[in-house]
Amino acid sequence: MKTIGLIGGMSWESSKVYYEYLNRLVQQELGGSHSAKIIMSSVDFSEIEQYSFEGNWNAIGLLMATEAAKLEKAGADMVVLCTNTIHLVSDKIEQAISIPFLHIAEAAGRAIQEEGVQKVALLGTQFTMEKNFYTKILEEKYGLEVLLPKLEDRKSLQDIIYNELVKGKFTEMAKTKCLEIIRELEAEGAQGVILGCTELPILIPDDAVEIPTFDTTLLHSKMALDFALN
């Protein structure tokens, strides 16, 4: 089994889910007392958050590159970034390491394609929804049509994610708002929805949505496990 290197802390709420998913998946696959071989480097999200709101993506890229290099030096066989938004600087990570970097949008794109969904809604931070680092992969590599919430709803999602979810607050009001946004996108023709913030699947369970949901945390974990075992 290869060793999975995780860059976590963005936020730790979702990072702990990565750890749980990976270990449960290994146990399901191998049985017995097996667990995942993991090295995690966890950052202080407050610093990342400040840089992102300042638009200082170069500083974030340098930080992520440093963390990725630490993981490789510690013996990781791959690097997994436990967040959707910060994949905006994935090029900096790839340049800093000689081991594979597993991109979360690739994991999402494969799963959506396998499901036979052509038109998919994307929920996440405004950075994930409005910058093309994520949608470009889905559209150009996987041929998907990506639907985004209207501007007012994108701002609402940004507020929910940064002021509640990353701080461990999961309220019924936030859940209701997210479900309203999903229903609007479904009315526009969305055949599925990407929960493109690693905390969103904690807030929105599969059975709360009528169309297929794509839990990027789980899909990313499965991608890492496939690499680790093969």
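1. Ground rules. Since this is a predicted model, local features need pLDDT of at least 70 and side-chain atom pairs count only at pLDDT 80 or more, while totals for chains, interfaces and linings use all residues. Residues are numbered from 1 along each chain as its sequence is written, and side-chain values use heavy atoms, with hydrogens and water left out.

2. Strand S7 (residues 192–195) is covered on both faces: Gly 192 and Ile 194 on one side, Val 193 and Leu 195 on the other, are all buried (under 20% relative accessible area; exposed is over 50%, partly exposed in between; 1.4 Å probe, protein chains only). Strands here are DSSP E runs of at least two residues, helices H or I runs of at least four, numbered from the N terminus.

3. Pairing takes at least two DSSP bridges between the strands. Val 120 is bridged to Gly 192, and Leu 195 stands opposite Asp 215.

4. On to charges: there are nine salt bridges, each a side-chain nitrogen of Lys or Arg within 4 Å of a carboxyl oxygen of Asp or Glu. In helix H1 (residues 12–30), Glu 13 and Lys 16 are three residues apart, so about one helical turn separates them; their closest N and O atoms are 3.4 Å apart. Glu 13 is buried at 8%, whereas Lys 16 is partly exposed at 45%.

5. Lys 177 and Asp 153 form a salt bridge at 3.2 Å. Lys 177 lies in helix H9 (residues 172–187) and Asp 153 in helix H8 (residues 151–163), so the pair ties together parts 24 residues apart in sequence.
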